[in-house]
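Hi everyone, thanks for coming.

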Amino acid sequence: MSSQTIKEVDAVVLGAGFAGLYMLHQLRSKGFSTIVYEAGDGVGGVWYWNRYPGARCDIESIYYNYTFSKELYEEWTWTSRFPEQAEILRYLNYVADRFQLRSDIQFNTRVTAAHFDEKRHKWMIHLNDGQYILTRYFITGIGCLSAANVPNIQGLQQFNGKWYHTGHWPHEKVDFTGKRVGIIGTGSSGIQAIPVIAKEAEQLTVFQRTPQYTIPARNHAYEEDFIKETKKNFEAIKRSMRNSVSGTPFAQNQQSAMEEPDDKRQAVFEKAWAQGGFAFSATYHDLLTNEQSNEKAAEFIRSKIRQIVKDPVVAEKLCPKYMYGTKRQVLDSDYFETYNRENVLLVDVKESPIQKITGEGIQTADNHFDLEIIIFATGYDGMTGPLFKIDIRGRNGVSLKEKWKDGAAVQTYLGLTTAGFPNLFMITGPESPSVLVNMPIAIEQHVEWIAECMHYLREHDIDLVEPTIEAEEAWSTHCRDVANATLYVKGDSWYTGANIEGKPRSFLIYLGGFDYYTKHCNEVAQNNYVGFKLMKLKSIS
Ligand code: NA7
């Protein structure tokens, strides 16, 4: 293997999305030689792959961007509150050019394995073209939702039409005109795609397993004055995002939903519904901790569905019964209204399960649906899925998959590192706040912490950093304790791994608040990286 080693660098970073781009920028500025490997032929990560119709961000654009550069914030102007995928992708391309990042990104390259070489005390990275690269630090920036889940439905290979997964959408436009289209899945992706495809297709059949609580996004173009004012307030916005619970500058109402009289609570929910976006989830502090409060929010949304959808049978099928928010809260544009269209049919696959895919369409227990295109909006193997796609092996050749072989065994320190895997950092890894806060802000915090840590190690002639078992046990226990005090753990969602057949159930997102998390990470650093073993090679060999 060593004779094939082609290159040696200080750091290898996986993925050229929000995480990988900023990691590269930070490491370069600190003088670390770095190479980023990206499977796609362009930058963008999740925004490169998710090109399905209607794909857009559901965090407001003025908050869903980098804050490390005031100049960048001032230069870039978002067109609307919730921009489409193409605009976010343009932004990330702009960032790549603005900071001249492309020269250290190798596109069209997959890392298939990363093995810690205990003799050299370095990571040996295996690329899909058979090349190897040696690196001191191995950093993953592959996101929490990059391992697409195409359910194992009998007969897919026999289907005569075309099929797509929303997370691997073709670059060229898919034409639905005059076509009979079926879509499986009604999570965020399905709910964004359905209204757009319905306008084009001759017939759209939606195969729904679980209905969703979705709130109108109320997207709109930004006015020039608003943008000017926002840019003027950059420092204050940045501060408030970085010191917030969720990575956005919104404060949550500290009242319980049960403390309010019915009419007052109704008015609060109505106002948030009219405002659109995630304001609804911040209406009361206990929507995700108190079952009664949760049911009030759930019933409010059900009442809206019954008002919007004209056919009462369809409306009832669209009304979710599980606890509000225990699956990812979704934002939509005319989702429920779409079921009033003549060319849209809702099939409840819990009532009448999908039995197989035939050459001509989908066979359920009750019916056969003729289709020319099938879309899988069936989500991802979240959190650990992207990491498990790569054969990552630490000390003694033990793989991450083996170490975390059941959900309860997933253990990390700060969601960033794990014992037995020295010099491995996972940006927005399991047990970090990740997907339950504003991702770009969570990413910036992780990237800056990692870069500072590497700088510290170099300054102190330390070669290896690795958490102690005790530190990671304490962190994982804390993570679980915080999660178990909420209703999140009761939901069947990708948050808990329940969407993937056979996946052990575990909740791998840190819920203690982004502000607390940041403070804690900073204290770890200020206390000379307490909880980590800091090793000098001189004293090891
Ligand atoms: P999600 O939110 O995981 O949604 C996937 C949807 O697909 C959901 O409705 C699932 O039903 C459904 N699904 C999954 N497998 C099947 C099978 N076998 N049969 C029928 N239906 C199925 O993924 P998205 O891509 O929409 O969103 C992912 C995240 O991206 C989102 O949370 C945002 O953070 C951005 P289920 O609910 O499991 O019964």
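First, a term: buried means under 20% relative accessible area, exposed over 50%, and partly exposed in between, with a 1.4 Å probe and protein chains only. Helices here are DSSP runs of H or I with at least four residues, strands are E runs of at least two, and both are numbered from the N terminus. Keep in mind that this is a predicted model, where local features need pLDDT of at least 70, side-chain atom pairs count only at pLDDT 80 or more, and totals for chains, interfaces and linings use all residues. Residues are numbered from 1 along each chain as its sequence is written, and side-chain values use heavy atoms, leaving out hydrogens and water.

So, helix α7, residues 234–242: which of its residues are buried? They're Phe234, Ile237 and Met241. Down the axis of α7, these fall within an arc of 70° (taken from the directions from the helix axis to the C-beta atoms), so they line one face of the helix. Why does that spacing work? An α-helix has 3.6 residues a turn, so residues three or four places apart point the same way.

Now the ligand. A polar side-chain atom of Lys327 sits 2.7 Å from one of the ligand's oxygen atoms, and for Trp494 a polar side-chain atom is 3.0 Å from a ligand oxygen. On its own the ligand has 770 Å² of accessible area (Shrake-Rupley method, 1.4 Å probe), and the protein covers 85% of that.

Last stop, Thr418: it's in the loop between α13 (400–403) and β18 (424–426). Thr418 is buried, at 0% relative accessible area.

Terms used. Polar contact = N/O pair within 3.5 Å; in protein donor to acceptor, adjacent residues only side chain to side chain.
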